[in-house]
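Have the model open while you read.

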Amino acid sequence: MRPLANRALKIARQVHGDLGRPAARGAIPRGRRLGYARALKTRVVILGAGFGGLELATTLSEALGDDVDVTLIDKSDAFVFGYSKLDVMFGRTTLDAVRLPYRQIARPGVRFLQQTITAIDPEARSVTTDGGVHEADVLVVALGADYDFDATPGLVEAGNEFYSV
């Protein structure tokens with residue numbers, strides 16, 4: 001995870017400049033160079049609020065605070081730590097007891113949107129969701145995995161999965 005966070009921090013610092021100095025000449029288009037006047041913030045859109053997305057959002061918030069505009073998008077409204085699913089599966093606790101709603105994760109410079117992603121345009125660094133189009137200076141895809149239930153014969157008809165409780 002650290003290489004991804006370090007890369008995002010490097011890009012954000014190119015936009016804002018480091019330690020109050022203007023960004024390097026030619027690092028970004030002239031109209032977006034800031035450094036001395038932080039009127040514009042680096043827009044980071046993170047797709048997926050699992051371990052990778054949450055770690056990156058936290059790292060950016062701790063390093064840059066309100067100097068970065070992070071949008072974290074996920075279709076779910078809460079995070080469930082993987083090992084907690086075993087406790088739910090064996091009846092030791094309830095799903096509500098192990099869910100951490102994203103709205104409770106408040107970080108400076110980070111906003112959470114519960115939306116479903118319908119298209120990603122990496123060239124334009126934009127994403128389309130059921131809530132609209134979101135453009136970014138840095139677009140991070142950290143969507144994790146989804147099961148292909150049909151790939152395992154019989155799983156749909158008679159099986160159980162606990163990946164997505």
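Start at Val45, which stands opposite Thr71 in strand E2. The path between the two strands goes from E1 through helix H2 (residues 51-64) to E2, and this β-α-β crossover is right-handed. Right-handed means that, with the strands pointing away from the viewer, the path from the first strand over the helix to the second runs clockwise. This is a predicted model: local features need pLDDT of at least 70, side-chain atom pairs count only at pLDDT 80 or more, and totals for chains, interfaces and linings use all residues. Residues are numbered from 1 along each chain as its sequence is written, and side-chain values use heavy atoms, with hydrogens and water left out.

- Helices (H or I, at least four residues) and strands (E, at least two) are DSSP runs, numbered from the N terminus.
- Strands pair if DSSP finds at least two bridges between them.
- E1 (residues 42-47) is largely enclosed by the rest of the structure, because five of its six residues are buried. Buried means under 20% relative accessible area, exposed over 50%, and partly exposed in between (1.4 Å probe, protein chains only).
- E1 and E2 (residues 68-74) run parallel and are joined by six bridges.
- E1 also pairs with strand E9 (residues 138-141), in the parallel sense, over four bridges.
- Ile46 has Val140 in E9 as its bridge partner.

**The whole sheet**

- The sheet is open and has four strands, in the order E5-E2-E1-E9, with parallel pairing.
- E5 (110-114) and E9 stand at the edges with a single partner strand each, so one side of each has no neighbour in the sheet.
- From one strand to the next, the twist averages 15 degrees.
- E2 and E5 run parallel, joined by five bridges.
- Ile73 stands opposite Leu113 in E5.
- H2 packs on the sheet and touches E1, E2, E5 and E9. The direction of H2 makes about 165 degrees with that of E2. Axes are lines fitted to C-alpha atoms, for helices over the stretch in contact, and angles run from 0 to 180 degrees between N-to-C directions.

**Thr129**

- Thr129 lies in strand E7 (residues 126-129).
- Thr129 counts as buried because its relative accessibility is 6%.
- Beyond its neighbours within four places in sequence, Thr129 is in contact (heavy atoms within 4.5 Å) with residues including Ile73, Gln115 and His134.
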